[in-house]
Structure formats: structure tokens, C-alpha cells
Amino acid sequence: MTAKTPFQPKKALVAEGGAMRGIFAAGVLDTFMEQNHQPFDLAIGVSAGSTNLIGYLAGDYRRNYQIITKHARSKRFMNVWRFLRGGHLCDVRWLWQASYRDTPLNVERYLQGPCPLWAVTTNADTGEAGYYRVTEANMHCVLPASCAIPLAYRDFIRINGAPMTDGGLADPIPVKRAYEQGARDITVILSHPLGYHEPQGHWLRALRPFFKEHPSLYDSLLAYPERYNQALAFIQKPPADCALRIIAPPSNFMVNSFTTDLSQLKIGYQLGCYHGLKHLYPHRQGRRESE
């Protein structure tokens, strides 16, 4: 009789979104690459977290840094005047296509690697989360859709015919999803400092007129603060059989979702590198956080 293989809990890597706040995760993941740290069986990213993770899994060192500090600061991507004239505030399709063209992604290395990436989207018709394993065939739709902030990107990106938008609305920190997929050792890269809680967004009710054709998406938007804080509660008190490892920016992290100041972005990246190294070698004397 063949002996049964003992169950091996999966190791998962989860990356939160946060638009330009993703510069922190870019630093963390570059440090992981520098240190040849890739023990994961599963990766799940939402919004900017998904695009950061594809660069990491493809082994493209500093690709995410280049995209955030160059392409994402371009007026072709973020443009208030275009938005006021009825266009996109953040043109995620342009960002994906331009960065893919100018900063090539090692797709073959990702596809041949042991760790699949799942990206989170939100279905504009139902308001529910969609989870898609990223492949060569779907990445040009799935990854931009995961990052497409409603209203800031005025269209919906269709996946298998369904209109999709920013995955952060339906599942802002997909740590519970990783657990449900069998992961019992989960590393989470956050975009906000530890102790942060999403405030109740009473102001979101003012956006109702913009969602007349997508009432379920509006309901999902209203539920966002509660979903975010539920994910934080899971992180703070995970199930007894789950080991959680959290990497978060420090309390003085200055980058917000729409920061374009290059000096602040560079500091945010350096903080990510520092905290990535601190995560891997907690007892080593590292560089000062402010360097």
C-alpha cells in the first residue's frame, strides 16, 4: 500500500492595493527578489497589489518601482483636467499597456513558476468579488480591471462578458480568501500602517446618482469600510490553525493614493525595502527607516 502524503499547508502571499501606496509593496517585493525569497504556493493581489505581485512572480526586479515612479506619474495616466472634461482621472488601460510595452514583463518565468497569481475584481452588475487566476491569455484584462477605480476610470473592463472594476471594493484585503483556499501560513503586505481602520464613509452616499445603472455596485461601495475592517479583524485574530505574518508601512508613511511627488515615492520605496529586509531578518541591524 502506498503511504499517504501528509497534508502540507499552503503558504500564501497577499498584497493589498492602494494605488500609489503600492510603492511600499514594490520595495518589499524587490527585497524578496534580492534575497531569493519565494516560498509561496499561492499569491492573491487586489488592485495595485495584483500588478506588484505579477512583477515579483516574474522576477522583474525594480519593474514595479519604474512603473510607479515613471508611468504612473505621467499625465497620460492621472489627469484632473481630463477628468473634469468627462474623461478618466486614472487611465488604467493606458498604464498597463504603456508599462507592458516599455518595461517588459517576463511572462514565461511567471508561467513556469510554482506560484500562481489570483487577482481580485468587483463585478459591476452584482457588486460581488471575482477571483481570476492570471494567465497569459487574460492578464491584459484581469490586471487592469483589478485596478480600475470606479468613477476615476469611467468605463468597465469586461472579463468573459462581465463588466469589472476595482477589486478593492468587494475584497480589499483578500486574506480570508487565501485561508479559504487552504493557506495556513499567510504573509500580508498592507498599504496602511498597523492600527489603521477605515472610517465609516457617510460621504459615499453622495455618490448614489453616479451609480443609477449599477445599484449593486453602489451597495458594494457603501459596504467597503465594513469589509475592510472585517479583513483587519481577521488579521488581528486569525484562526488558531493559521500563522499570519504582516508587513506594513510605519506610522510616518507619507504616500497616499494619489501622491506623485518623486521624493516621497522614493522614501516610500526605501521604507518598503527596509521592512521587507526586517521581515526576513528580524534580528539583523538594518538601515534606518528614514534613509
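1. Let us start with Val-188, which touches Val-14, Ile-173, Val-175, Ile-235, Leu-244, Arg-245, Ile-246 and Ile-247, leaving out residues up to four places away in sequence; contact here means heavy atoms within 4.5 Å. Val-188 sits in strand β7 (residues 183–189). With a relative accessible area of 0%, Val-188 is buried; that word means under 20% relative accessible area, while exposed means over 50% and partly exposed lies in between (1.4 Å probe, protein chains only). Val-14 is 174 residues from Val-188 in sequence, yet their C-alpha atoms are 4.7 Å apart in space.

2. A word on what you are looking at: this is a predicted model, in which local features need pLDDT of at least 70 and side-chain atom pairs count only at pLDDT 80 or more, whereas totals for chains, interfaces and linings use all residues. Residues are numbered from 1 along each chain as its sequence is written, and side-chain values use heavy atoms, with hydrogens and water left out.

3. Now the whole chain. The protein chain has ten helices and eight strands; helices (H or I, at least four residues) and strands (E, at least two) are DSSP runs, numbered from the N terminus. Its radius of gyration is 18 Å, close to the 19 Å that the globule rule gives for 291 residues, so the chain is as compact as a globular protein of that length. That radius is taken over C-alpha atoms, and the rule is 2.2 Å times the number of residues to the power 0.38. Buried residues make up 53% of the 291 residues. Of the contacts between residues at least 6 apart in sequence, 74% join residues at least 24 apart.

4. Helix α10 (residues 262–280) is worth a look. Its 19 residues reach 27 Å from first C-alpha to last, close to the 27 Å expected at 1.5 Å a residue; the expected span is 1.5 Å times one less than the number of residues. Among its buried residues are Leu-265, Tyr-269 and His-275. The buried residues of α10 pack against α1 (22–34), α3 (63–69) and β8 (243–247).

5. Helix α3 holds Thr-69, which counts as buried at 4% relative accessibility. Beyond its neighbours within four places in sequence, Thr-69 is in contact with Ile-23, Leu-262 and Leu-265. A polar atom of the Thr-69 side chain lies 2.7 Å from the backbone oxygen of Tyr-65.

6. What about aromatic pairs? The count comes to nine, where rings of Phe, Tyr and Trp (its six-membered ring) pair if their centres lie within 6.5 Å; planes under 30 degrees apart count as stacked, over 60 as edge-to-face and the rest as tilted. The rings of Tyr-65 and Tyr-269 have centres 4.6 Å apart and planes at 55°, so the pair is tilted. This pair links distant parts of the chain, with Tyr-65 in helix α3 and Tyr-269 in helix α10, 204 residues apart. Tyr-65 is buried at 8% relative accessibility, and Tyr-269 is buried at 6%.

7. Finally, two backbone details. Arg-62 has a positive phi of about 65° although it is not a glycine, and it is found in the loop between α2 (48–57) and α3. Arg-62 is partly exposed, at 28% relative accessible area. Asn-160, also not a glycine, has a positive phi near 55° and lies in the loop between β5 (157–159) and β6 (162–166). At 76% relative accessibility, Asn-160 counts as exposed.

How values were computed
A polar contact is a pair of N or O atoms within 3.5 Å; within protein, one must be able to donate a hydrogen and the other to accept it, and residues adjacent in sequence count only if both atoms are side-chain atoms.
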